[in-house]
Amino acid sequence: MSWEKLGLIFEPDKSLYWQQSHAQNPFPVPLTEHIFRVFFAARDSSNTSRTGYFDLDMRDPMAVKHYSKEPLLDVGDLGAFDDNGAMPHSILKTGEQYMLYYTGWSKGVSVPFTFYIGAASASSLDGPFTRVSKAPVLGRNYYDPFLTAAPYVVAVDNYYVMFYISGINWEKDDKGNIKHYYTIKTAFSPDKINWSPNPQITIPFGADEYAIARPVLFSDKGRYELWFSYRGGANTYRLGVALSTDLMNWKREDIDMEVSADKNEWDSQMICYAHPFIYNNQRFMLYNGNAYGAAGVGLARLNVD
């Protein structure tokens, strides 16, 4: 897959307390033929994340955007699993309700952070979203003893599938530096709330890798694509994809989109957290760059050979 970068299309509004940096993990929900509502996570001056959106008109993607001035999902109560961040990852519409699945962050003691999966609902994409529980819908469990995060939920027949990040280990070196290991797993639910995790790892680590993040399921021309970001020795993310016809067996590939050669560009160090979508029979991609999306959201278009 060869992609053409079209530019930075949205930057956080630093006049808002909750948008001091980042527009991380963007994902689009179609509103009309031409307009997509793009949900993202912004950070305040304390590095705490909250959920917002901007509206992307694909007829003029570089135009000034309409965007939320207040968070659609704020942080949780003091001491809750999400009291230091609420980062959106996917929305599932059932009937007249929208279910938002998100990562809830809290600060750690022996490790830098913990995060688990929460859910919130709304009757409109305008929000606000209300938590279905103050507890995670998928937290620590027998198969995920450390971390769960980045839930991407889809309906399959009469049940629901969640692709998510599972923390499988923490390590401390002889200098006291702490390193996390996580990759993608799946869970299943009959009702969107109660989840049964699958113990099998969906995407194994490649050589020198320790983090495989932000799964996104995309279906195109009779096959499934599971998009993700991975990092290893270089410690900066790149994009990967795995292909399947049955959601069970996956063949991994890389994506032909490199960091910008100009060191002053916003994506000169990192390409991450991509979400593909179709507009006007063409494939596009939302993605983040350096520092996990500190500058905002970029747009790219697939080159057709």
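Let me start with a side-chain pair: the side chain of N249 makes a polar contact with the side chain of D246, at 2.8 Å. Before going on, note that this is a predicted model. N249 sits in the loop between β16 (238-244) and β17 (251-254). Its relative accessibility is 55%, so N249 counts as exposed, the cut-off being over 50%. Beyond its neighbours within four places in sequence, N249 is in contact with L243 and S244. For a sense of distance, T186 is 63 residues away from N249 in sequence, and the two C-alpha atoms are 12 Å apart.

Next, another loop residue with a polar side-chain partner. H34 lies between β2 (21-30) and β3 (35-43). Which side chain does the side chain of H34 meet in a polar contact? That of Y279, at 2.7 Å. Leaving out residues up to four places away in sequence, H34 touches L56, D57, M58 and R59 as well as Y279.

Is D173 buried, partly exposed or exposed? D173 counts as partly exposed because its relative accessibility is 37%, and that class runs between 20% and 50%. From D173 to F115 the separation is 58 residues in sequence and 22 Å in space, C-alpha to C-alpha.

F115 brings me to the pockets. The largest pocket has a volume of about 540 Å³. It is lined by 29 residues, and those closest to its centre are Q24, R43, M87, W105 and F115. Two or more lining residues come from each of β2, β6 (85-94), β7 (97-107), β8 (113-122), β10 (147-156), β12 (178-189) and β14 (211-220). Which element gives the most to this lining? That is β7, with four residues. By residue class, the lining of the largest pocket has 13 nonpolar, 12 polar and four charged residues.

The second largest pocket holds about 320 Å³ of space. Of its 18 lining residues, P28, V29, P30, Y152 and H275 are the closest to the centre. The elements giving two or more residues to this lining are β2, β6, β10 and β18 (272-279). Its lining divides into 15 nonpolar residues, two polar and one charged.

Last, some backbone geometry. The peptide bond from G127 to P128 is cis, with omega near 0 degrees. P128 is in the loop between β8 and β9 (130-131).

Then there are two residues with positive phi. N25 is not a glycine, yet its phi is positive, about 60 degrees. Where is N25 placed? In strand β2. At 2% relative accessibility N25 counts as buried, because the cut-off is under 20%.

K192, also a residue other than glycine, has a positive phi near 80 degrees. K192 is in the loop between β12 and β13 (196-197). Its relative accessibility is 15%, so K192 too counts as buried.

To come back to where I began: N249 is exposed, and its side chain pairs with that of D246. That is what I have for today.

Definitions and conventions. Residues are numbered from 1 along each chain as its sequence is written. This is a predicted model: local features need pLDDT of at least 70, side-chain atom pairs count only at pLDDT 80 or more; totals for chains, interfaces and linings use all residues. Side-chain values use heavy atoms; hydrogens and water are left out. Buried means under 20% relative accessible area, exposed over 50%, partly exposed in between (1.4 Å probe, protein chains only). Contact means heavy atoms within 4.5 Å. A polar contact is a pair of N or O atoms within 3.5 Å; within protein, one must be able to donate a hydrogen and the other to accept it, and residues adjacent in sequence count only if both atoms are side-chain atoms. On a 1 Å grid over the protein atoms alone, a cavity is a set of points where a 1.4 Å probe fits but cannot get out, and a pocket is an open set with protein on both sides within 12 Å along at least five of seven lines; lining residues have an atom within 4 Å of a point. Grid points are joined across faces, edges and corners, and a volume is the space filled by probe spheres set on the points. Ala, Val, Leu, Ile, Met, Phe, Trp, Tyr, Cys and Pro count as nonpolar, Asp, Glu, Lys and Arg as charged, and the others, Gly among them, as polar.
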